[in-house]
Amino acid sequence: MLTYDHANRASQGARPYQEDSAAIWPSDDPLTAKLPAALPPDTALLAVLADGMGGHVGGAMASNLVCTTLLETFAKGKETVSRRLAMSLDAANQAIRRKGTANPQLMGMGATAIGVAFSPEGAHWISVGDSPLYLYRKGELTRVNEDHSLAPLLDKLAADGKMDPEEAKNDHRRHYLRSAVTGEEIELIDASEKPLALEAGDIVVLASDGILTLEDEHIRKLLEASAGEPAAKIADALLGDVEKANEPHQDNTTVVVVKVLPAGLTGPMT
Amino acid sequence: MSNDQRNDPAPERRMIGSLRDALAAAAMPSKPPGNPAPPPLPLPAPAPSAAVVATEQPVQTAAEAVREARGQSRADQGHIELDVPQSRVVQAAAGRGGPDDGRPRTQLLRGRQSIKSADFFQDPVVGWLVVVGGAGLGAFRPIFEGNNTVGRAKTQRIPIDFGDETISNEEQAYIRYDSVDRKFLLVPNLAKTNIVAVNDRKPTGAVELGAMDLITMGRTQLVFVPFCGSEFDWGELSEGKS
């Protein structure tokens, strides 16, 4: 049985408002206040993150609603872990629709969503939008979930020689979302087919796209250098480097860091 | 380290072990007596033997673990550079396996394209309301992408905060601009006591706004001036470049 060390940190960047939400259950996070203290036996940890959009009020409300609905629906369900994740996403989408219908000024609000359930078999995930989910293992960083922004399509155009690579890199449409939780039918959903088998020493990072201020290689090096540190230190270091980059329009950045610890009395990893 | 794998072999390893035994047995000139005849085996082709070697490595790399969780076998990965450590490449090429894979998936762009404000200095303006009568004469207020609340309070997305107390504090009306159909709508909030007029009508539902339409709220008269529309939308900016 693996044990975990986790942390959840947010930075507002250069924005006047915070539209990200994230939470880990179990923890003392206010978003998990209504949840039962005891986890279902098939889950050791549930991490959720959402990046809201839809204006100052709507964006923050949407990401908060998505996170709380994911947590509460998952906690109540009796189905398999993957099924519960899918049901939670559906419930979150319906919650956004109800909110928008009841308050016309909130119409058009929405959010990205990542839910990761850590079970004895590994990590199950569900993801909509462009918030990255990373796995770091032994010096290697891999993005786990699909990117539902236009960026992969622009990169593909560049790779196929149909677009200048420099232009593709700077195209402002990179940030457009092809899929999000908006209350309408979700166009693209990415989910694990099988649980992602984890090992002691692995670091799983959920983030909002503000983290993309850092190149993947930057994140990889940071995780390599701080892999021995507690999750809270790693999360602080990630946000610290985003802030150091000092982008004039730096977006909100939120990171959830989950470190897989060696089980009980097992010796240190080599 | 994978002590558990060594002490307590996983089912795959057992299966591989028995496959190897079977292969070895098949290669032997004579079978040991009492052993059940091994099932007929195909000749070990390069691919399966590579798979055996690969699975013998005790630890999966991050990319391998993710591929497995995504339900992609190595055989599916032929065209992808396995050594690229960042999965941006892996991930872009390994879309959710529709029949359209490999083609530019333009049909995915049909849906709502939500503009994220990352590239803009501020929320991009799509039009303006200009005060042509009443308090605030000569002033203007920008209209933004999406839904705009119109009211007297400063917290409104379009605050008409020039001192006309006959305008509802919050949400007397909404002005919406949709970059997909590039149209402006005025939606009166029927829950409010104060009435909104567009030109000489007092709509009870959404009405499309046209250039120079006159909106009356309380004792204030506003003229609508569009910036985005059929001629221009912010989404076009880079389309011209490529």
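Me: How many bridges join strand S3 of chain B to S4(B)?
Reply: Start with the general idea. Strands of a sheet pair through backbone hydrogen bonds, either parallel or antiparallel. In this predicted model, strand S3 (residues 146-151) of chain B is joined to S4(B) by 2 bridges, and the two run parallel. B:Gly151 sits opposite B:Pro159 of S4(B).

Me: In what order do the strands of that open sheet in chain B lie?
Reply: The order is S4-S3-S5-S6-S8, 5 strands with mixed pairing. Strand S4 (158-159) and strand S8 (207-208) of chain B are the edges, each pairing on one side only.

Me: Now a helix. What span does H6 of chain A reach from its first C-alpha to its last?
Reply: Helix H6 (residues 231-245) of chain A has 15 residues and reaches 21 Å. That is close to the 21 Å expected at 1.5 Å a residue.

Me: Which residues of H6(A) are buried?
Reply: Take under 20% relative accessible area as buried. The buried set is A:Ala231, A:Ile234, A:Ala235, A:Leu238, A:Leu239, A:Asp241 and A:Val242. Viewed down the axis of H6(A), they fall within an arc of 155°, so they line one face of the helix.

Me: What covers the buried residues of H6(A)?
Reply: The cover includes strands S1 (3-11), S10 (203-207) and S11 (253-261), along with helix H5 (216-226), of chain A. On the face turned away from the buried side, H6(A) carries exposed A:Lys233 and A:Lys244.

Me: Which residue just after H6(A) takes a positive phi?
Reply: A:Asn246 does, with a phi of about 55°.

Methods:
Residues numbered from 1 in each chain as written. Chains lettered and ligands numbered in written order. Predicted model: local features only at pLDDT ≥ 70, side-chain atom pairs only at ≥ 80, totals over all residues. Heavy atoms only, no water. Pairing = 2+ DSSP bridges. Helix = DSSP H or I, 4+ residues; strand = E, 2+ residues; numbered from the N terminus. Expected span 1.5 Å × (residues − 1). Buried < 20%, exposed > 50% of the residue type's maximum accessible area, 1.4 Å probe, protein only. Arc of directions from axis to C-beta. Contact = heavy atoms within 4.5 Å.
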